[in-house]
Each structure stands twice: as structure tokens, then as C-alpha cells.
Amino acid sequence: MSGETQEKIGKRGRVAIVVLGDLGRSPRMQYHALSLARQASLQVDIVAYGGSDPHAALLEDQSIHIHKMAQWPTVPKGLPKIIYPLLLLLKPLFQFFMLLWFLCVKIPSPDVFIVQNPPSVPTLVAVKWASRLRRSAFVVDWHNFGYTLLGLSLGRSSRFVAVYKWIEKHYGKMANGSLCVTKAMQHELAQNWGINATVLYDQPPEFFRPASLQEKHELFCRLNEELVHLHGVYDCVNTGNLGISSSDLNETLFTTRIDSGIFLKPNRPALIVSSTSWTPDEDFGMLLEAAVMYDRRVAAILNEDDSTEKEDFWKEVNSGRQYPYPRLLFIITGKGPEREKYEEKIRRLHLKRVAFRTMWLSAEDYPLLLGSADLGVCLHTSSSGLDLPMKVVDMFGCGLPVCAVSFSCIEELVKNEKNGLLFSSSSELADELLMLFKGFPNECDGLKSLRSGALQTGSSARWATEWEEHARPLISEVISKNCT
């Protein structure tokens, strides 16, 4: 993160960032904090939930202070249905008073509150009240529309959704300034919400970059246990690689160390990464269907007999034999409500040349995984159709090309056939996998071309530059007007 230090913003020299969610899973707000501390020389208070660890850069910066709120307790299953409407009312009330306590009592008065939206209720209400009580400015960073996310579970016609939308719009208009993630969202806010927002595109910070061979080897050594020694898993990655010791520092599934040199194995599987929050706005079933299609279509192309045992194929691969189409290893990272459901579906697939691993990586290892992969897959479709997946921005920062589900504004980010490919069905994704990985690892020109485009996209802009050009002027203006 770079940027010239300029005169401090505001009289108090302090900003509060508000996230009604897991801070470790809110990278954009973490990057805001780093820019405010490093580029604007401000003290930063972050009010959020705990859970996943944030990036080490936040924990090491003495200008950034993290305040963790207590969460609404987990509701036990089996309660009478009549209780649920009461819980729907009590939860936001609990969150509202918890937010007020932290924003008005626990932290010093800031020049400005910067709040992540969604969630909108009760966040926007609580931050607006706190800004009045503490005579601070109030900026909303629009990542999406909260009412559209609620509509996924309750339906757009629900009265709860209508009330939620009214609160989101009413209190959103009361902010002193707004940031948003796309031009499409900027247009929607201006035309239908009466809100003038500044577009601050997500851009990768400096720690998202291609990984060196040394970094790849060390990462795969750390992940060896989860990749090839996973208990109870029997597939094209686990079986046949049991000779790789979990403590062997010279050999991994993808790399080998010979003397003082590290080399990529020619018959390694292609590594495909997808990051997901395991929520309904990402149809993970589409990826599973595409994997099955890839497995079957490759078998048909190679005229493989249906009676050929998977174990025989795995032994041949392990002995060093290469095929025109590689094995595929999908590593799916993230946490969320539908993870267990899809893990059970994965266990029932029994594919010949495709394997899956689900895991949660540290904030330091996740960029290394992206920088070590061959392809990224994005299943994000957006509940509003107006936000862009930050995971793709991170992938481009690492020079990783992406196959992404097509939706209304995705082409603001993914340029088809330049830095990635778009698809609308599992069959299209399967076709793209066949096209990109034919001749892997050395004779796949289409994949190499997309990687070059992804590298160019990722290196053309970085978060620090984008923030300095678009966010800093807005925040400075909002604070300046609030002080007069």
C-alpha cells in the first residue's frame, strides 16, 4: 500500500469504520482502514464482529484499533414457529443498541463514520443517530442493496422487504456522502434513490500478485495434508499420491525440489480456485454440473471404455503418464450457510479426473493460492445485478484469468476473451474448461493469452491509487463541510 503522506484530514484526525459483519470477511473495509491510516495519516477505529482473522497488516498497524462487538446468540433449532416473528424484531433491536453503545461510548469521537452497506438494518439507522450525537459526518459505502439480499430468502413481494427497502433508502439519503462499486449502481442510486455516489472500484492491494515457484512450493507443502492426505477421500488427487509424505518438504502434488531447484510437475493437475460465501446468490450447483460434464466429455473424446477402472487411470497418472486433458483440482475457499449441503453433493460425485477440496485459508495464504492457480471461477450473480465480485479483482491482481457467470454489469470487470471468459450455463463452463486446458500445461495457448490479459488488468490499477483518486477527495470534502 503506497501513497504520499499529506496534511491530515479533519480536526480530530480520526475515522470510524462500521461493519455489521465479520471483519475478516470484509476485505474492502480492511483496505479502507489501511488507506486511511497510511495515506491519510488518520487514527482508525473499526467496529465490527470477530470471527475470521483480518489481514496481518491491520493487526500490525498501530494507527488501526479494532473493537469487536458481541453477536446475537445462535438460535437453537426446534423452537415453536410463533417465536420467529418475535426474534426477527429482537435481533435488530439488540444490534441497534450494541452499535450505539460502541459508536457513542466505546470509541473516541471521529470526524466521519464510514459504514458498509449491506446490511442496512439497523446499521444505517444506528450510524446516523451516532453521527448526530457525536457531530460527525456519515459516509455510506454501497457494496450492494440490502433489500435485494433479503428478497432472496423472503421474496421481493414480502412486506418485510418493502419496509427494509424504505429504511435503506431513507437513511441512505441522509448520508453526507456515498461511495459505490460500479457505474451501474451509481446510475441506479442517482436515478431512483436521489443519491449522488462516487464510484470507487475494487482494486487489488499490493499483496495480491503472482506467486514465485518458491512461494508455490512452500504453500503446497503447508496444504499437503488437506490436498492429498484427506481422511476418507478417495479421488484422482488423493489416490496415487499417498507416497507423498505430509512432512516431505521436497515434493508436493504440484511441485518437486531437486537439489537447489524447484520445478512444476509436468503431469500435475490443473488448479482451479473459486471463492464463495456459500449463499443463494451463487449457484454452486452449476460448477458441480460442469465438472461432471468435463469428466464425461474427456472420456468420450479419448474413447475411454466405460469399464476402465478409475484406479487404473490414477495409477497411470501417478507413474508419470500425461493425457491431452489434465486432471482438475478445484479448491473452493470460503465460509457460509450452504457449504455442508454442497460438500455432501461433492462426496457423491465419484469422478475420474476431477477432485474438489473445500477450505478456509488465512488472509496471508489466500493471495498465495490465487497466485499459484491456473484458473479462477466466479459464480457470483448479484442479488441486485449492480455489484461486482471482489474475488475477481483479487484474482486479476494475481494474474489469474477467470471464468465468470454472466450478468448485467460483469463486463465492467471481466472483458470476454481478454482477461477471462463468461458463461451462462454449466454446459458453457464445461466447454470453456475443455478449450482452455487442452494440452495443459505447455500447449494451452488460450489459457496463456487470458493470463496475459489478467496480468495486464491486475497491474493497471491498485487499491492505493484508486482510493487516493476517488475516495480521499470525497471523504475530505464531507469532513470539511461538516466542520464549517
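This is a predicted model: local features need pLDDT of at least 70, side-chain atom pairs count only at pLDDT 80 or more; totals for chains, interfaces and linings use all residues.
**Notebook: a sheet, its helices and a loop**

I started with the sheet: it is open, has 7 strands in the order S3-S2-S1-S4-S5-S6-S7, and the pairing is parallel. The edges are strand S3 (64-69) and strand S7 (198-199), and each of these pairs on one side only.

Strand S4 (residues 112-117) and strand S5 (residues 137-142) run parallel and are joined by 6 bridges. Which residue in S5 is the bridge partner of Phe113? I found Phe138.

Then I checked the helices. Helix H1 (residues 27-38) packs on the sheet and touches strand S1 (14-22), strand S2 (43-49), S3, S4, S5 and strand S6 (177-180). The direction of H1 makes about 165 degrees with that of S1. H3 packs on the sheet too, touching S1, S2, S3 and S4. Its direction makes about 150 degrees with that of S3.

Leu89 belongs to a nonpolar surface patch with Leu86, Leu90, Leu93 and Phe97. Together they have about 470 Å² of accessible area.

Last stop: Thr279, in the loop between strand S10 (270-275) and helix H9 (284-301). Why does Thr279 count as partly exposed? Because its relative accessibility is 22%, and buried would need under 20%. I also looked for contacts beyond its neighbours within four places in sequence, and got Pro337 and Glu338. Gly336 is 57 residues from Thr279 in sequence, yet their C-alpha atoms are 6.4 Å apart in space.

Key. Residues are numbered from 1 along each chain as its sequence is written. Side-chain values use heavy atoms; hydrogens and water are left out. Patches are made of residues with over 30% relative accessible area and no salt bridge: like charges are joined within 9 Å, nonpolar side chains (Val, Leu, Ile, Met, Phe, Trp, Tyr) within 5 Å. Accessible areas come from the Shrake-Rupley method with a 1.4 Å probe; for residues, only the protein chains shown count as cover. A salt bridge is a side-chain nitrogen of Lys or Arg within 4 Å of a carboxyl oxygen of Asp or Glu. Two strands pair if DSSP finds at least two bridges between them. Helices (H or I, at least four residues) and strands (E, at least two) are DSSP runs, numbered from the N terminus. Contact means heavy atoms within 4.5 Å. Axes are lines fitted to C-alpha atoms, for helices over the stretch in contact, and angles run from 0 to 180 degrees between N-to-C directions. Buried means under 20% relative accessible area, exposed over 50%, partly exposed in between (1.4 Å probe, protein chains only).
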